[in-house]
Amino acid sequence: MPILLYLTLAAGLILLVAGGEGLVRGAVALAGRLGVSPLLIGLTVVGFGTSTPELVTSLQAAFADAPGIAVGNVVGSNIANILLILGVSAILAPVIVSRRAFQRDGGAMIAATVVVTGIVMTGALGRVGGAILLAGLVAYIWTAYRLDRAAPSPESAEIAAGDMALWKAALYALGGIALTVLGARFLVMSATELAGRLGVSDAVIGLTVVAVGTSLPELVTSVMAAIRKQGDIAFGNVLGSNIYNIAGILGITALVHPLEVPSEIAAFDIWVMCGATALLAVVATTAWRISRAEGGFLLLLYAAYIGWLAYGAL
């Protein structure tokens, strides 16, 4: 049985790498064909696509009466997106931050974080809270689209010359999403079973194994984007995924199945997510880039967080 689990983990990783490469290629080509910036594609196609594993996992956890996994999955994923994924991406290649993009999309991420923290403090995430989060997501996507079409980023002209057909670009993007979702599914299933044998709580599993597992599409996609010098997609992917995780994943999950918020998440982990979001705002706006040194610092913070959770689970 352990050998089969390890093989499933390996298969998931392979699918994620292949899917991440296809998703980035398709997203960049789509941006050129549709006349919008790579950042907006990262916020929509890539951001939503790589957040699909979180949606599936949180819904399944909600129906299985495991709110620790449902909520911890989103909170842990957002923490991992900022500290782990941006940390790794910045180490590979410093991430350039667009001032205009951060003012719009970073502001939306901060607002979503503040709203969901207020809801979590009530101890429950019901249908009203879910509707508020979803309404905010729809308003954000519409605003981002209108602003980007009115004043497209300079990168649009640079990639518009690509010769990939629209149908082929869409096929790459959709195929990449499918592979990342399937790969994440394999990883989450096997990793959750292994973690469950250790006897840790649902909240800890959701914040660590499940959160990191469902964040692997974002990690692979952002790393591939960093390697291909598409910093806008790497950064936009994290911002978009965090917004989708809070407003979309928790919003849809709460509408379908209202959730009780585990006390340990409300008391500690939600504040770690808030702190990571505030830190990202500071790091991104000091020089409008995330350097390798800052990426290393983000990684150290994530290691400390995981270490603290592991210590508490003992």
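Me: What makes Ala61 count as buried or exposed?
Reply: Ala61 has a relative accessible area of 6%. Buried means under 20%, exposed means over 50%, and partly exposed is in between, using a 1.4 Å probe and protein chains only. So Ala61 is buried. By the way, this is a predicted model, where local features need pLDDT of at least 70, side-chain atom pairs count only at pLDDT 80 or more, and totals for chains, interfaces and linings use all residues. Residues are numbered from 1 along each chain as its sequence is written, and side-chain values use heavy atoms, with hydrogens and water left out.

Me: Where is Ala61 found, and what does Ala61 touch?
Reply: Ala61 is found in helix H2, residues 38-63; helices here are DSSP runs of H or I with at least four residues, strands are runs of E with at least two, and both are numbered from the N terminus. Contact means heavy atoms within 4.5 Å. Leaving aside residues up to four places away in sequence, Ala61 touches Ala66, Ile69 and Ala70.

Me: And Asp65, is that one buried or exposed?
Reply: Asp65 has a relative accessible area of 60%, so Asp65 is exposed. You'll find Asp65 in the loop between H2 and H3. Asp65 also has a positive phi of about 55°, although it is not a glycine.

Me: Why are H3 and H10 called roughly parallel?
Reply: The axes of H3 (residues 67-92) and H10 (residues 263-286) cross at roughly 30° and come within 10 Å. Axes are lines fitted to C-alpha atoms, for helices over the stretch in contact, with angles from 0 to 180 degrees between N-to-C directions. Under 35 degrees counts as roughly parallel, over 145 as roughly antiparallel, 65 to 115 as roughly perpendicular, and the rest as oblique. H3 and H10 are therefore roughly parallel to each other. Among the residues making the contact are Gly68 and Val71 of H3, and Ile265 and Asp269 of H10.

Me: How do you know that H8 is largely enclosed?
Reply: Count the buried residues: 22 of the 26 in H8 are buried, so H8 is largely enclosed by the rest of the structure.

Me: What is the span of H8, and what span is expected?
Reply: H8 (residues 202-227) reaches 35 Å from its first C-alpha to its last, close to the expected 38 Å. The expected span is 1.5 Å times one less than the number of residues.

Me: Where is the kink in H8?
Reply: At Ser215, shortly before the proline Pro217, and the kink is about 40°. A bend is the angle between axes fitted to the seven residues ending at a residue and the seven starting there.
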